[in-house]
Amino acid sequence: MARRTLPILNQLCARSPSHLHPLLGLISTRSVTYMPRPGDGSPRPVTLIPGDGIGPLVTGAVEQVMEAMHAPVYFERYDVHGDMNKVPQEVMDSIRKNKVCLKGGLITPVGGGVSSLNVQLRKELDLYASLVNCFNLPGLPTRHENVDIVVIRENTEGEYSGLEHEVVPGVVESLKVITKFCSERVAQYAFEYSYLNNRKKVTAVHKANIMKLADGLFLESCREVASKYPSIKYNEIIVDNCCMQLVSKPEQFDVMVTPNLYGNLVANTAAGIAGGTGVMPGGNVGADHAVFEQGASAGNVGNEKLLEQKKANPVALLLSSAMMLRHLQFPSFADRLETAVKRVISEGKYMTKDLGGDSTTQEVVDAVIANLD
Amino acid sequence: MASQIARRMLRSYAKGIFCSPKNSGARVFDRNFTTAASESNLIRATLFPGDGIGPEIANSVKQIFSSADVPIEWEEHYVGQEIDPRTQSFLTWESLESVRKNKVGLKGPMATPIGKGHRSLNLTLRKELNLYANVRPCYSLPGYKTRYDDVNLITIRENTEGEYSGLEHQVVRGVVESLKIITRQASLRVAEYAFHYAKTHGRDRVSAIHKANIMQKTDGLFLKCCREVAEKYPEIKYEEVVIDNCCMMLVKNPALFDVLVMPNLYGDIISDLCAGLIGGLGLTPSCNIGEGDIALAEAVHGSAPDIAGKIQ
């Protein structure tokens with residue numbers, strides 16, 4: 001346990017000044033040393049899935065930056081495309097061996113017979129919590145200030161169970177399944193995350209006035225877990241009110257825990273108000289594995305024009321890889337990467353099209369590498 | 001804060017009438033009345049003042065309409081104190097008949113009293129009058145500055161089925177299932193209304209919002225119905241947008257959307273999101289369309305019992 005506490009303490013000490021003063025975090029202050037166990041620095045294998053669309057472009061960016069930093073990770077590449085029937089067995093074996101994966105987006109064809117590979121991956125590896133961190137980046141003007149929201153979304157059940165059938169021609173039913181087991185473990189994760197990351201408030205998002213039993217069960221589990229963390233404030237909000245508050249007063253939210261579908265909407269809305277899906281990091285985590293990807297991808301993997309001109313935004317995946325480095329317990333590499341990316345954004349010279357600039361992916365990557373210290 | 005809400009509501013009703021020659025938030029009302037007012041007699045409309053702040057704002061509406069000389073005659077109906085056995089709720093049979101006869105109504109906020117053995121009032125109205133589409137125009141009001149100034153869209157939401165069927169059950173302890181039902185009939189109905197609305201109000205795009213990449217059969221059926229109706233209106237552009245993409249686009253650039261048509265749950269969330277974009281529920285008009293050409297306009301906010309009686 002000592003091995004795990006030290007980096008977390010380090011993280012807490014390192015992050016709190018930058019949480020209060022965003023510009024102060026850009027100046028690298030040396031924090032209390034993370035004392036590794038001998039052998040911690042040996043290169044760690046990470047499965048890399050480039051994916052579809054802009055996926056290969058942005059994962060290439062991450063590989064370049066990792067090499068420039070001499071980070072102790074090496075990537076095992078596997079090609080998976082959205083129109084495959086299921087994720088190949090060798091990819092699953094690799095992820096199970098390495099325990100950590102970095103992934104670009106996988107296209108899910110609309111209305112087709114293929115079930116989403118993203119969802120399949122999450123269910124098979126039992127990645128039950130999906131985390132998206134939406135925050136204002138200094139240097140990126142948005143309509144809302146002071147946004148720093150983490151959306152933790154239950155990833156395996158709810159409306160995405162995929163259990164649909166046609167009762168009679170013209171009438172289709174879809175089952176939304178909520179279980180106490182899954183709701184409890186995602187609530188547990190949300191509160192533990194808040195505790196370890198010094199967050200003050202957890203908000204549960206639901207629609208229990210209409211779906212009394214289903215969301216009622218979710219809320220019950222959240223309330224039970226909340227009673228075990230008295231130092232963290234807990235409140236509940238109905239999902240339509242939540243969306244309204246997000247667009248008018250997003251600073252009132254801190255950590256939000258939601259079932260599957262609402263989490264998708266809330267995460268994408270929060271990402272939109274804080275700067276767009278091109279910059280928000282995120283990941284999926286389970287008891288044994290973790291898959292890091294762009295936080296809120298809004299269901300698309302970029303269009304062909306972005307691909308041709310190579311103007312995809314690598315910032316989201318770079319910040320997600322910083323999250324991955326912290327997960328692998330390489331905090332100073334993560335700090336360096338994050339500082340470099342934030343510096344590039346705050347300078348504002350190399351920004352891709354979705355942030356209002358005109359640079360290509362490669363230019364942004366070169367700027368990040370140049371800013372690494 | 002109470003005075004702010006009251007001021008906002010008065011402003012919304014006021015702007016709806018006085019600004020009607022220019023762009024206004026109550027364009028829907030405007031057109032409804034101009035077509036009907038061409039007849040020489042008065043329009044009869046049913047008015048449900050509702051609870052809490054309801055009677056006060058209903059009075060404001062009546063005052064404004066009478067000073068603007070709108071040719072309308074209100075038939076007021078109050079929610080009864082006992083359960084009417086014919087409707088199994090506090091709404092009397094006469095009220096419902098009056099709406100069916102007049103075809104036009106205005107409803108204030110109604111609080112459902114907590115008790116046993118009766119249905120919620122809004123639910124009763126919806127089921128009895130078969131109100132299948134909820135139309136919410138969202139316009140940025142000039143003069144009320146929010147972070148979004150160029151909002152100009154209509155959300156049309158299917159009101160009867162989808163995730164809100166209320167069919168839930170506990171399978172075993174700790175496992176609950178909730179049914180989401182999509183039928184061809186209801187989807188066709190609301191898609192027809194959406195395209196008809198777009199055509200009559202000069203809108204050029206209709207976007208169907210869905211999550212058919214995950215819920216392939218249910219939202220797939222909804223999309224199929226929308227596509228069928230879209231073929232009958234070739235002059236209106238039709239597109240399909242996945243809901244998470246839609247949320248993101250709405251908060252970044254609401255000018256991208258025109259008319260949105262969607263099933264029940266997404267409609268609930270998106271229409272409230274759009275209300276948030278223009279300044280809140282106190283400023284948003286809303287109208288429920290029913291079978292047999294019934295239109296029941298309503299206030300979407302609650303009855304706010306804590307500020308009732310505090311404005312003059």
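This note sets out numbered points on a predicted model with chains A and B, beginning with the interface and ending with the fold of chain B.

1. Basis of the note. The model is predicted, and local features need pLDDT of at least 70, side-chain atom pairs count only at pLDDT 80 or more, and totals for chains, interfaces and linings use all residues. Residues are numbered from 1 along each chain as its sequence is written, chains are lettered from A and ligands numbered from 1 in the order in which they are written, and side-chain values use heavy atoms, with hydrogens and water left out.

2. Extent of the interface. The size of an interface is often given as the accessible area lost when the parts come together. For chain A and chain B the buried area is about 4500 Å², with 64% of it on carbon and sulfur atoms; buried area here is the accessible area (1.4 Å probe) that two parts lose on being put together, summed over both. Chain A contributes 57 residues to the contact and chain B 49 residues, a contact being heavy atoms within 4.5 Å.

3. Polar and charged pairs across the interface. Between the two chains there are 18 residue pairs in polar contact, both residues being at pLDDT 80 or more. A polar contact is a pair of N or O atoms within 3.5 Å; within protein, one must be able to donate a hydrogen and the other to accept it, and residues adjacent in sequence count only if both atoms are side-chain atoms. The interface has one salt bridge, defined as a side-chain nitrogen of Lys or Arg within 4 Å of a carboxyl oxygen of Asp or Glu. It joins Lys207(A) to Asp268(B), at 2.6 Å from N to O. Both residues belong to a network of salt bridges that also includes Asp240(A) and Arg157(B).

4. The chain A side. Elements giving two or more residues to the side of chain A that touches chain B are strand 6 (164-168), strand 7 (171-179), helix 6 (212-227), helix 7 (239-248) and helix 8 (260-274) of chain A. Helices (H or I, at least four residues) and strands (E, at least two) are DSSP runs, numbered from the N terminus. Strand 7 of chain A gives the most, with nine residues. By class, this side has 25 nonpolar, 22 polar and ten charged residues; Ala, Val, Leu, Ile, Met, Phe, Trp, Tyr, Cys and Pro count as nonpolar, Asp, Glu, Lys and Arg as charged, and the others, Gly among them, as polar.

5. Strand pairing between the chains. Strand 7 of chain A runs antiparallel to strand 7 (residues 175-183) of chain B, and nine bridges join them. Two strands pair if DSSP finds at least two bridges between them. Val171(A) has Thr183(B) as its bridge partner.

6. Salt bridges within the chains. Over all chains, the whole structure has 37 salt bridges. Arg326(A) forms one with Asp335(A), the closest N and O atoms being 2.7 Å apart, and another with Glu338(A), at 2.9 Å between the closest N and O atoms. Arg326(A) lies in helix 10 (residues 315-327) of chain A and Glu338(A) in helix 11 of chain A, so this pair ties together parts that are twelve residues apart in sequence. Arg326(A) and Glu338(A) are both buried, whereas Asp335(A) is partly exposed at 27% relative accessibility. Buried means under 20% relative accessible area, exposed over 50%, and partly exposed in between (1.4 Å probe, protein chains only). In chain B, Lys62(B) and Glu76(B) meet in a salt bridge at 2.1 Å, N to O. This pair links helix 3 (residues 54-67) to strand 2 (residues 72-76) of chain B, the two residues being 14 residues apart.

7. A loop residue of chain A. Lys349(A) lies in the loop between helix 11 (331-347) and helix 12 (361-371) of chain A. Lys349(A) is exposed, with a relative accessible area of 61%. Not counting residues up to four places away in sequence, Lys349(A) touches Val344(A) and Ser359(A).

8. Fold of chain B. Chain B has nine helices and twelve strands, and 56% of its 312 residues count as buried. Six of the seven residues of strand 5 (residues 152-158) of chain B are buried, so this strand is largely enclosed by the rest of the structure. Strand 5 pairs with strand 4 (residues 131-139) of chain B in the antiparallel sense over seven bridges, and with strand 10 (residues 259-262) of chain B in parallel over four bridges.
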